[in-house]
Amino acid sequence: MDLQNVAKALEKNRYAVKVFDTKEEAIQYLDGLFDNLIVGFGDSETMEQMHLYETLSAHNTVIDPKQSVDNDDFLRIARDCLTTEVFLTSVNGMTEDGVLINLDGTGNRVAGSLFGHRKVYYIVGRNKIAPDIEQAIWRVRNIAAPKNAKRLQLRTPCAIKGDKCYNCASPDRICNGLLIQMKKMNDIDMEVVLINEDLGF
Ligand code: SF4
């Protein structure tokens, strides 16, 4: 897959795009963008693997639901993230023609993706990209969501068996809202940071 072609498709969908070969280059770029700002995070495994909280916190106020100590704390922090000046998150899937897909349990990532900020950044590893919407959604439901459920130690069939989505009725289900973002939202800046490495689920 040629990330430059994916970048062109994203630009056609009105996103700004940057492409990096390594996560270290992307970290350096992102670290240079923000200083003394309030930055909200969208609960992203990709960003955790990049240690972005530690890097950006050195000279910004970073609000990250992953730093919560319990569910009430998570909800409070996630709410605070909705009105920060900038918001950083990832996607669960992306198509080669630049459609972004997120599947959310609580809704904080999807809500923060769409409105409330001056600018939103999506940080995306190559493993998230699929040829078309059907395959991207299949990947999100059968690979990303079960891995997330397992990471969170949830009592769902996908977490226990670890092989696919069972479209469960578990109270722990994390697949509640599916966002298919066809183009950049109006009246908000959005940038996709593509990285030529596997990152997140
Ligand atoms: S719907 Fe249930 S079984 Fe399917 S991925 Fe989500 S949590 Fe797992």
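## The cavity and its lining

In this predicted model, the count comes to 1 cavity of 30 Å³ or more, where a cavity is a set of points, on a 1 Å grid over the protein atoms alone, at which a 1.4 Å probe fits but cannot get out. The largest cavity has a volume of about 110 Å³, a volume being the space filled by probe spheres set on the points, with grid points joined across faces, edges and corners. Its lining, made of residues with an atom within 4 Å of a point, comprises 14 residues, of which Cys158, Cys165, Cys168, Arg173 and Cys175 lie nearest the centre. Helix 7 and helix 8 (157–161) are the elements that give two or more residues to this lining, and helix 7 gives the most, with 4 residues; helices here are DSSP runs of H or I with at least four residues, strands are runs of E with at least two, and both are numbered from the N terminus.

By class, the lining of the largest cavity divides into 10 nonpolar, 2 polar and 2 charged residues. Ala, Val, Leu, Ile, Met, Phe, Trp, Tyr, Cys and Pro count as nonpolar, Asp, Glu, Lys and Arg as charged, and the others, Gly among them, as polar.

## The ligand

The ligand sits in the largest cavity, in the sense that more than half of its atoms lie within 2 Å of the grid points. Around the ligand are Arg141, Ala145, Thr156, Cys158, Cys165, Tyr166, Asn167, Cys168, Arg173, Ile174 and Cys175, each with a heavy atom within 4 Å of it. This shell divides into 7 nonpolar, 2 polar and 2 charged residues.

## The largest pocket

A pocket is an open set of points with protein on both sides within 12 Å along at least five of seven lines, and the largest one has a volume of about 720 Å³. It is lined by 36 residues, of which Asp43, Phe74, Arg151, Leu152 and Ile174 lie nearest its centre. Among the elements that each supply at least two lining residues are helix 3 (45–49), helix 5 (71–80) and strand 6 (100–104), while helix 7 gives the most, with 5 residues. The lining of this pocket has 14 nonpolar, 12 polar and 10 charged residues.

## Lysine 119

Lysine 119 lies in strand 7 (residues 119–125) and is buried, with a relative accessible area of 13%, buried meaning under 20% with a 1.4 Å probe and protein chains only. A polar contact of 2.9 Å joins its side chain to that of glutamate 191, such a contact being a pair of N or O atoms within 3.5 Å, of which, within protein, one must be able to donate a hydrogen and the other to accept it.

## Basis of the values

Residues are numbered from 1 along each chain as its sequence is written, and side-chain values use heavy atoms, with hydrogens and water left out. Local features need pLDDT of at least 70 and side-chain atom pairs count only at pLDDT 80 or more, whereas totals for chains, interfaces and linings use all residues.

Definitions and conventions. Buried means under 20% relative accessible area, exposed over 50%, partly exposed in between (1.4 Å probe, protein chains only).
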